[in-house]
Amino acid sequence: MTTATISPITARATALVADLRPTAEDLGRSLADDVSDPTAFATKLHDGLARLADPDYLEGQRRIAPGIGRLHGVRWPLIEAVRRGFREATRRERTSGWLEIADRLLREPELEARWFAFGLLERLVDDDTERAWQLIRRASRDASDWITVDSLAHPVGKGILHEAYRWAELEQLVFSPSRWERRLVGSTIATMPFVDRRRGRAPEVADHGLGLIRDLMGDAEPDVQKALAWALRSLAGVDRAATTAFLEAEAATAAATNDGHRAWVIRDALVKLDPQDSDRIRARLDGIRRKAGAPSTSRAGEIAERLGAGLLGQPMPEPPLK
């Protein structure tokens with residue numbers, strides 16, 4: 001893109017990030033001084049984020065994520081700069097005490113503090129695994145917007161790749177009554193090949209991932225559908241043959257039942273297949289469209305309805321952190 005084609009809005013955003021990036025990195029480095037005091041840490045982070053806020057960006061966040069909670073309005077590159085500064089300052093430090101910081105930040109009203117906490121949890125799933133998962137579960141229950149869910153997917157994916165039996169964490173969320181927890185299934189699968197480019201592209205990632213997506217195909221919630229399509233596009237890079245076969249089978253189901261929910265996900269995932277395969281599958285879906293108010297047709301939804309909405313997806317109370 002040449003300078004002449006950059007819009008004034010983009011130019012302003014780029015300049016603002018460039019101007020504030022050193023301040024953001026300094027904030028991250030300074031947070032390392034307060035790792036033994038969660039309250040001081042949270043206060044310093046809050047005040048620093050407030051200084052990095054951009055009212056125009058805040059307005060944009062509220063527009064693309066209607067109903068999102070309280071925000072400072074800090075641009076993502078600046079949040080990443082704060083994380084980078086903290087990471088550099090603590091690279092050789094032990095993570096003892098970080099769990100209490102993450103616990104404190106997850107209780108902050110502004111979401112940027114919680115997003116920063118997710119970066120801590122990415123380290124803690126290796127160093128303090130069980131208690132880190134306790135906080136991850138709480139964060140997934142509290143999530144109420146797609147930005148938070150997709151950010152949380154990173155520590156969830158890393159934790160699963162670190163301990164394969166943690167796939168069970170996603171298996172439970174398939175049946176959750178919360179669309180945000182069901183979205184977390186898709187967004188976690190979507191990000192795993194990028195969280196760890198070796199383990200995240202192992203054959204078992206496609207095997208487990210496609211199995212979970214199969215249970216959610218037909219979900220009526222657009223937020224879930226978008227994450228499922230995203231996950232399928234990522235898995236095409238892990239095992240294209242298996243993903244193609246999966247989409248072929250789902251397209252046959254969609255065509256036989258006129259399932260618009262399922263068809264939307266399939267169409268959105270086809271871009272990552274070989275052209276001849278995507279053209280063939282797309283042709284099978286001709287004329288099948290989503291219908292407003294149509295009920296879910298997913299296997300997970302059917303099981304939840306059969307057994308009772310109150311019996312599946314309800315988290316057990318977590319004990320206090322110790």
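A polar contact is a pair of N or O atoms within 3.5 Å; within protein, one atom must be able to donate a hydrogen and the other to accept it, and residues adjacent in sequence count only if both atoms are side-chain atoms. The model is predicted: local features need pLDDT of at least 70 and side-chain atom pairs count only at pLDDT 80 or more, whereas totals for chains, interfaces and linings use all residues. Residues are numbered from 1 along each chain as its sequence is written, and side-chain values use heavy atoms, with hydrogens and water left out.

View 1. Helices are DSSP runs of H or I with at least four residues, numbered from the N terminus. Arg262 has a relative accessible area of 8% and is buried (buried is under 20% relative accessible area, exposed over 50%, partly exposed in between; 1.4 Å probe, protein chains only). The Arg262 side chain reaches the backbone oxygen of Met217 at 3.3 Å. Setting aside residues up to four places away in sequence, Arg262 touches Met217, Gly218, Glu250, Thr253, Ala254 and Thr297 (contact means heavy atoms within 4.5 Å).

**View 2. Val35 in the loop between α1 (8-31) and α2 (38-52).** Val35 is partly exposed, at 25% relative accessibility. Apart from neighbours within four places in sequence, the contacts of Val35 are Phe41, Phe86, Gly97, Trp98 and Ile101. Asp19 lies 16 residues from Val35 in sequence and 27 Å away in space, C-alpha to C-alpha.

**View 3. The salt bridge between Arg107 and Asp103.** A salt bridge is a side-chain nitrogen of Lys or Arg within 4 Å of a carboxyl oxygen of Asp or Glu; by this rule the count is 31. The closest N and O atoms of Arg107 and Asp103 are 3.1 Å apart. Arg107 is exposed at 54% relative accessible area, whereas Asp103 is buried at 16%.

**View 4. The salt bridge between Arg166 and Glu130.** Their closest N and O atoms are 2.6 Å apart. The pair links distant parts of the chain, 36 residues apart: Arg166 is in the loop between α8 (146-162) and α9 (167-173), and Glu130 is in helix α7 (residues 129-142). Arg166 is buried at 3% relative accessibility; Glu130 is partly exposed at 48% relative accessible area. A network of salt bridges links Glu130, Arg137, Glu163, Arg166 and Glu169.

**View 5. The salt bridge between Asp219 and Arg182.** The N to O distance is 2.6 Å. Asp219, in the loop between α11 (203-216) and α12 (222-236), and Arg182, in helix α10 (residues 179-195), are 37 residues apart, so that the pair links distant parts of the chain. Asp219 is buried at 4% relative accessibility, and Arg182 is buried with a relative accessible area of 12%.

Notes. Helix = DSSP H or I, 4+ residues; strand = E, 2+ residues; numbered from the N terminus.
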